[in-house]
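The following paragraphs lead the reader through one structure, from the whole chain to single residues. Please keep the sequence and the model in view while reading.

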Amino acid sequence: MSPDAGQSASQLPRYIGVGCFMAIAGFFSGAMIGVLAGKFVGMATRCIPDPGLPVCNWHLFAGAGGLLGAISLPILVVWRLRQSVPSPEHSERG
């Protein structure tokens, strides 16, 4: 087993924890952005939503945005975390 494999295996629980937390945050933030996009689509199509609802078909926009956010945010965060971990050949102790 190479030193890189041991280091990435020890970081796996950290990546899983951060990824799960970011999936929840990504879902809700993506859903809000999706509803905002639905608001613009509703203005362009002149759709009048039912009273008490933000936009027409808000659940479709919120679902699509939430799914996109729940997938993209954890991937971006874990990818960025993996870039910030120094490799053994570049460490000062190395």
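What percentage of the 94 residues in the protein chain do buried residues make up? The share is 22%, where buried means under 20% relative accessible area, exposed means over 50%, and partly exposed lies in between (1.4 Å probe, protein chains only). This is a predicted model, in which local features need pLDDT of at least 70 and side-chain atom pairs count only at pLDDT 80 or more, while totals for chains, interfaces and linings use all residues. Residues are numbered from 1 along each chain as its sequence is written, and side-chain values use heavy atoms, with hydrogens and water left out.

The protein chain contains two helices and zero strands; helices (H or I, at least four residues) and strands (E, at least two) are DSSP runs, numbered from the N terminus.

Helix α1 covers residues 3–45 and includes Phe27. Phe27 is partly exposed, its relative accessible area being 36%. Together with Ile24 and Phe28, Phe27 forms a nonpolar surface patch with about 320 Å² of accessible area.

Helix α2 spans residues 58–84, and its 27 residues reach 38 Å from the first C-alpha to the last, close to the 39 Å expected at 1.5 Å a residue. That expected span is 1.5 Å times one less than the number of residues. Among the buried residues of α2 are Ala62, Gly65, Gly66 and Pro74. Val78 also belongs to α2 and is buried, with a relative accessible area of 18%. Its neighbours within four places in sequence aside, Val78 is in contact (heavy atoms within 4.5 Å) with Tyr15 and Gly19. The C-alpha atoms of Val78 and Val18 are separated by 7.3 Å, although these residues are 60 residues apart along the chain.

The cysteines come last. A disulfide is a covalent bond between the sulfur atoms of two cysteines. Here the term is applied to a pair of cysteine sulfur atoms within 2.5 Å, and by this rule the count is one disulfide. The disulfide joins Cys47 to Cys56, with 1.8 Å from S to S. The link of Cys47 and Cys56 is left-handed, with -100 degrees about the S-S bond. Cys47 is partly exposed at 32% relative accessible area, whereas Cys56 is buried at 19%.

Key: Patch = residues over 30% accessible without salt bridge, like charges linked within 9 Å, V, L, I, M, F, W, Y side chains within 5 Å. Areas by Shrake-Rupley, 256 points an atom, 1.4 Å probe, with all protein chains shown as cover. Salt bridge = Lys/Arg side-chain N within 4 Å of Asp/Glu carboxyl O.
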